[in-house]
Amino acid sequence: MPFRTHTLLPRDSHQRDRLLKIFLCLICVFSCVVAYAFVDQAHTPAQTDNQATDTSGTNPHPVRLELPRVEPLSAVAQLGKLLFFDTSLSASGKQSCASCHSPTHGYNPPNALTIQPGGPELKNVGYRPPLSLAYLYRQLPFSIGPDAGDVETPVNLNALAASTRNDPKAKKSAGTAPTALAIVPQGGLFWDGRADSLQRQAYIPMLNPVEMANASEADVARKLQHTRYVQSFAPLFGPAILDDPQQLVSEAMFAIGRFEVEDPSFHPFTSKYDAWLQGRARLTVAELRGLNLFNDPEKANCAGCHLSQPSRDGLPPLFTDTQYEALGVPRNTSLPFNKNPLAFDLGLCGPVRKDLANQTQYCGMFLTPTLRNVDRRSAFFHNGVYHTLKQVMDFYNLRNITPDRIYPRGADGKVAQYNDIPAAYWGNVDTSDAPFNRHVGDAPAMTEQDINDIIAFLHTLDDGYTPSPQPALPAHS
Ligand code: HEC
Ligand code: HEC
């Protein structure tokens with residue numbers, strides 16, 4: 001029934017005028033509230049500590065970032081650079097580190113393949129997409145527990161893991177420190193953290209039959225002895241170095257690591273987001289909304305794991321907490337490895353990594369990768385099952401509420417949820433952190449508009465943005 005105001009007005013004109021004024025006043029207040037709520041929703045979502053609320057698109061609290069110093073490469077790193085790009089160090093003679101980690105793609109693969117072929121004829125494939133090599137300069141060795149970084153003490157990872165087997169999972173909410181002291185796997189290199197230093201890591205692609213495929217360390221040493229820059233080793237490592245194959249390979253791998261740590265191209269921090277943090281760029285309305293949703297612990301909660309804030313001492317965020325999680329991403333049936341229905345890549349508990357095979361509470365867990373330069377990648381997650389950021393966002397949004405949109409149906413007609421992890425380990429899959437804390441039938445954590453805006457924000461993490469020379473002035477549009 002329509003709301004008919006005139007019938008409510010009394011006959012007495014004074015009283016009527018007074019009531020009319022009150023009524024008009026109420027309408028005024030009401031429309032202000034509505035207008036404010038609308039503006040608030042369109043431009044500046046609810047204010048919390050970790051939300052950017054300036055509608056002009058500038059950062060209301062610019063920070064001074066502690067960026068790595070740009071200095072000339074040491075002689076060892078210069079040698080490492082030659083090694084990194086040298087295809088003569090592979091069995092095929094056609095592949096170098098840069099073939100899968102291209103400097104012009106944020107050290108991601110230069111092509112859209114899910115898996116990069118390698119081996120003597122570049123015909124062999126593994127089953128994980130390459131990770132970016134950028135922003136590893138602060139990566140600590142693999143550890144379990146809050147005490148990352150004590151490299152000297154040998155740790156019994158299995159004893160540590162077993163002692164925390166029944167601890168409740170630490171909840172990860174964007175913008176708040178974990179409630180309990182987190183005893184979690186963290187740090188390390190590779191999707192399963194199995195290499196501790198860049199030096200030790202570099203041996204692996206050199207000898208991996210699906211990558212550079214050298215038969216042995218001696219084989220690598222022989223190739224090093226025939227490089228055009230062979231004369232560079234003795235001045236750096238002593239005259240006997242070329243006669244000691246083991247030491248020669250060890251120093252070469254060390255040099256590659258130094259190149260990855262020293263060369264500014266591995267950690268340029270030249271994204272639009274970095275410029276915005278420093279008050280030297282304006283985010284568009286979509287990017288700003290995306291950032292706020294990314295940081296919102298109730299909605300996307302991306303920053304719960306992909307950290308987005310500078311540290312207290314000004315270190316720029318790397319968009320990873322370097323911890324491991326089981327997200328239960330769908331099986332990638334296009335991988336040759338997955339042709340065998342009994343084959344599962346379970347990350348921390350194997351099969352590539354061997355030392356934590358008995359710690360089944362970690363089965364299915366993989367590294368949280370950085371999201372810097374993420375849109376320069378074409379295969380997402382540890383099995384490369386997705387190829388667009390929209391697909392990734394749909395996974396986060398729909399995994400719990402409409403699993404039939406994410407997983408295929410099994411032979412029994414039922415939705416095969418978590419179909420890339422054996423049922424015994426489904427309990428490891430994260431169902432407590434937003435946006436995974438929803439249930440079938442719940443409203444999604446994100447609308448289509450939210451998803452587009454978060455993707456717009458992710459684009460601001462691409463390096464190569466040219467910031468304004470001075471802190472940006474507030475915009476008028
Ligand atoms: C055929 C492609 C290929 C080549 C060649 C290759 N890699 Fe990789 N790289 C990968 C893949 C795949 C991964 C992820 C493997 C995994 O997690 O098990 C990876 C991971 C890495 C990582 C770990 C990054 C992280 O975020 O943890 C580093 C470091 C690395 N590679 C360095 C190198 C170096 C140095 C070379 C040359 C000596 C090299 N790679 C050659 C494919 C390649
Ligand atoms: C609970 C921790 C957690 C939360 C919350 C989270 N992520 Fe992730 N993210 C991960 C882990 C772990 C992986 C790798 C999982 C795997 O490969 O199995 C990942 C992978 C990704 C990837 C693929 C990157 C690549 O290089 O393959 C993207 C993109 C991504 N996350 C974006 C987001 C966005 C956007 C949000 C918010 C909607 C989000 N993540 C929320 C932990 C998290």
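**Exercise 1.** Determine whether Gln 116 is buried or exposed.

Solution. Gln 116 has 21 other C-beta atoms within 10 Å. A residue is buried if 20 or more other C-beta atoms lie within 10 Å of its own, exposed if 12 or fewer, and partly exposed in between, with C-beta atoms placed from the backbone. Gln 116 is therefore buried.

The model is predicted: local features need pLDDT of at least 70, side-chain atom pairs count only at pLDDT 80 or more, and totals for chains, interfaces and linings use all residues. Residues are numbered from 1 along each chain as its sequence is written, while chains are lettered from A and ligands numbered from 1 in the order in which they are written.

**Exercise 2.** Locate Gln 116 and list its contacts beyond four places in sequence.

Solution. Start with the DSSP runs, numbered from the N terminus: helices (H or I, at least four residues) and strands (E, at least two). Gln 116 lies in the loop between helix H3 (97–100) and strand E1 (143–144). Next, apply the contact criterion (C-beta atoms, placed from the backbone, within 7 Å). This gives Cys 100, Pro 109 and Pro 130. For Cys 100, 16 residues away along the chain, the C-alpha separation from Gln 116 is 6.8 Å.

**Exercise 3.** Find the buried residues of helix H2 and state what they pack against.

Solution. H2 covers residues 75–84, where Ala 77, Leu 79, Gly 80, Leu 83 and Phe 84 are buried. They lie on the same side of H2 because their arc around the axis is only 155 degrees, taken from the directions from the helix axis to the C-beta atoms. Their packing partners are H3, helix H7 (233–237) and helix H8 (245–262).

Conventions:
Two residues are in contact if their C-beta atoms, placed from the backbone, lie within 7 Å.
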